Amino acid sequence: MELILAIAVGVLTTCGVWLLLRPRTFQVIVGLSLISYAVNLFIFSMGRLRIDAAPVIEGGVIDPANYTDPVPQALVLTAIVISFAMTALFLVVLLAARGFTGTDHVDGRER
Amino acid sequence: MASSIFLIAIVVVPFIASLVAALLPQTARNAEAWLSAAVAIFGLAVTIWLYPQVTDGGVLRQEISWIPELGLNLIFRIDGFAWLFCLLITGVGLLVVLYARYYMSPKDPVPRFFAFFLAFMGSMLGVVLSGNLVQLVVFWELTSITSFLLIGYWFHLVQARDGARMALTVTGLGGLGLLLGMLIIGHIVGSYDLDIVLASGDLIKSHPLYVPALLLVLLGALTKSAQFPFQFWLPHAMAAPTPVSAYLHSATMVKAGVFLLVRFWPVMASTDAWFWIVTFAGLTTLVLGAYIAIFQTDLKGLLAYSTISHLGLITTLLGMSSPLAAVAAIFHIANHATFKASLFMAAGIIDHETGTRDIRKLSGLFRFMPFTATLAMVASAAMAGVPLLNGFLSKEMFFTETALRDANPFVNLALPVGATVAGMFSVVYSLRFVHGVFFGPAPAGLDRVPHEPPALMRRPIEILVLLCLLVGIIPGITIGPFLAAAVVSVVGPDTPYYSLSVWHGFNIPLAMSAIALAGGVLLYLALHKYLARGIEGAPLIGNLKGQRIFERVLVTISWKWAKALEKFLGTRRLQPQLALLVTLAIIAAAIPLVAGVGPLALPPTPFDPAFALVWGVGIVCAIAATYQAKFHRLVALVLLGGAGLVTCVTFVWFSAPDLAVTQLLVEIVTTVLILLGLRWLPKRVEFDSDDTLSRKARVRRIRDLGLAIIAGCGMALMSYAIMTRPAGQGIGDFFLENSYKLGGGTNVVNVMLVDFRGFDTFGEITVLGIVALTVFALLRRFRPASDSIEKPEQQRIQNAFDDQRPDRNSGDTINEYLMIPAVIMAWLFPVIIVLALYIFMRGHDQPGGGFAAGIVMSIGFILQYMAGGTRWVEERLRILPVRWIGMGLLVALATGMGSWLFGYPFMTTAFQYAEIPFIGRVPMASALIFDLGVFTLVVGATVLILIALAHQSVRAPRASRRPAIVREDASPKPEEAR
């Protein structure tokens, strides 16, 4: 399972970086989204993979060994929100730049 | 320690008063003057009151702990020398305030003047009272900045702007040097405390870093005091209003440089390096300044060069490093301040009453303003060093020191000769000032008849001139004790004997004085014809313009070199920048891996073919989205959603229900968002590109692909390596153990977000709010590209279909689109609200929470927009997303601050169990209210972003009819006005 997730992170990163380096704004926004999936999964995997050990406790005395690490999850939750905000902002900047310059090239002009 | 509190107040009060002065109305000329005078009187009174504590080497200190580990404490200290400076700053300050009240025109914005003036006074007092080296530099730079503002006060004048800029550049550069120098001294001594530094003279002088420290400190001091080769900024600073010149260029700003030299004289002087550099700079400035001053045609220019020359005199004395020379230097600092301030004020009065400062146009003013003329003549005589005036005494001491020097033949000759020649020149320019302005025929070509100024405007000059006389005739009584206090604090308890009396008998210095006076008069007579022709600039060196050299250097460094460097190192294209960024990230990530990653340790989790299948789909989605992103945006978007869903499944699979919920909801909103944006992107038709691809583009693609594959492999390797090795002891256990005990919730992730790490979440929602407002603001001015304005192709086809059928109206097909789902969507609205509430309420104990609930709620709104259209929804629902954002932030903040009421730190949560009918025992944590804030803000932000985008379809056709550039003030043409 670890191997599959690692390959998945790798493929998402590869696709994301490739798109990030493309000249069209829409490609960049898709690339950023793919990179944020990859990074979120990467941070999440820092807590190691556990099945059926969600950090929702029962109350009473708690043995931390029965639950997965909640810290990476809290971090990823924040990361999801921020990447949503980033995507929204980038999309609007992209649209404004397109309206302003007449092109969807990342530099604002065709080469 | 009441008196030491006043020590702080004396520095702080001017700054506070400066703020008050800035807020007074434009016309409050008298109120401003009273306020400033009150501050100066307060400072003066405190200074005088503190006098008994600084005699005989006494030091008064007040220390405020700030960062003691770094040796950074706020220390204010006063000794005899600092006391003398305080007296000058506050005393001359008071007189200048009185003068400025009459000098400034009612049309000038006085609040700005007095605000800057008071801030400058505070900074200057801060410099002289600082007991910490770093603190001293801070105040030092503050004087640079405030003097910049004062010199540039009449910023509509180009000379004022240039002069201010030049002063700031030169003194600011010196300030940076000084900071470095102070850091080096602090490093040598091991403390930034001035008292400790002053006790470590031998340590500093014998340290290998002494010379760099000396050079840097001198850079600061010599730039500030306008010493050669940095003297050129001072004449240009004369563009300031005259009260500013009278204050900054007599008693304060330029004196800060020599203050620094005196302050560090005990610990840095009497080495060869000090002697040669300081004496050379001082003597050159002394002679050169006096020489140029003779040939100035502007009164203030003459005084400026004379100031430069007199500062050169003080610097020369300090360079000689003998205790008696230091005494003379301190004495001359005080003397120069009194006569030069009065001369600047007299020049200002002349300018004020005649409308010009040009010596060539002025003459015979004595008969129009006899009082002012007499005062100016006495002050000029002091400047020239005429006996029975204070200037004579210190100049005599200077001559004594130069004559007694016994180093080597060259120095023995150069010092006395230079001193005498400079003395001669100073007689010449003093004569020119007096004779040229006040005697001769009545001035011709003035646009008004000059007369005496208001009596109060003359009062400051009268006081200063009286002081010149008193000090000059009875020095032992008037200045003796104060000078003694200052000298002891610099030179130390074993100060050699010095005599302040006027008559020392016939000796070499007296002969030098006589030669200077007589020679000066003869030289003036000889030069009279030449000067009467009124030629600009001094002969021989007139073409050497400091300003031109300065401008050229500035242009070269800040424009030519900067451009060349930018061309060489920078690019304005995004792609190379991103490629560089990725490369650097790869390198940074690879460095720690060089050391190896250790052996495999964790058993892998059991393989599940279903998971492999899911990710098989996910990987295909990602690659296909990548492939289609250029020509088929909609397809790419759908595939991107696929990859997102697989990510979401992964979270569910590996025990992260909260992440899965949030990811799913965010995925939906993001997709809707991008769908709304797609309409405004240009159409791109696929063509067979591979044949036409240039070689360069091919190389670039291969490079990008290489980078992408390296990055991907790196990430895969790293995450695999980490996942198969045991985790270290993290902080996760703490949260698991205390989530219920301390936070009252069983969903640990949610408790962390709203409780343990609530402050982070607060920052995060603030970011979200800012983003939403930015999006809103950007889209208000949105103007679509010309090829996106028309109705979309699909709508045109549908309308054409309607037009062909006689039984249909144009637009029917669009309205009938998704009719049944639209009804269902409208009905779903209350259901979604309940769902959002449910997710919100369970959040603390079960997966869910304010953020997820907020997104659900906004999806509810979006569905209404999709079902009914923008206009339909807005006729029925009043949504004010900006208010939601504001309310959300306020609620979250108020919850955080609420804990202050109970004496706990910001964002401490409380929780309690409450019995609610039908539901039972429910934990009620204050975090729930915080979460409510999160919920409200998320609803507001998400809805604001989506609505702002959706509105473009309604707005855009209207916006596009306007001209391409609309100015705020341009009124619409008739046919466009609705």
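**Domain 1–domain 2 interface of chain B**

Across the interface of domain 1 of chain B and domain 2 of chain B, the rule finds zero salt bridges. Eleven residue pairs are in polar contact there, both residues of each at pLDDT 80 or more. The model is a predicted one. Together the two domains bury about 2700 Å², and 78% of that area is on carbon and sulfur atoms.

**Domains**
- Chain B is assigned domain 1 (1–169 + 238–257), domain 2 (269–538) and domain 3 (746–961).
- A distance of 25 Å separates the C-alpha centres of domain 1 of chain B and domain 2 of chain B.
- Their contact involves 30 residues of domain 1 of chain B and 33 residues of domain 2 of chain B.

**The domain 1 side of the contact**
- B:Tyr99, B:Tyr102 and B:Met238 account for 23% of the area that domain 1 of chain B buries against domain 2 of chain B, more than any other three residues.
- At least two residues of this side come from each of α3 (80–103), α11 (242–251) and α12 (253–263) of chain B.
- α3(B) provides the largest share, 13 residues.
- By residue class, this side of domain 1 of chain B has 20 nonpolar, seven polar and three charged residues.

**Confidence**
- Chain B has a mean pLDDT of 86, with 94% of its residues at 70 or more.
- Residues 962–978 of chain B stay under 50 in pLDDT, and the model gives them five contacts beyond four places in sequence.
- Where pLDDT is low, predicted coordinates should not be read in detail.

How values were computed. Residues numbered from 1 in each chain as written. Chains lettered and ligands numbered in written order. Predicted model: local features only at pLDDT ≥ 70, side-chain atom pairs only at ≥ 80, totals over all residues. Heavy atoms only, no water. pLDDT = per-residue confidence, 0-100. Contact = heavy atoms within 4.5 Å. Domains from an automatic or database assignment. Buried area = accessible area lost by both parts, 1.4 Å probe. Salt bridge = Lys/Arg side-chain N within 4 Å of Asp/Glu carboxyl O. Polar contact = N/O pair within 3.5 Å; in protein donor to acceptor, adjacent residues only side chain to side chain. Helix = DSSP H or I, 4+ residues; strand = E, 2+ residues; numbered from the N terminus. Nonpolar A, V, L, I, M, F, W, Y, C, P; charged D, E, K, R; others polar.
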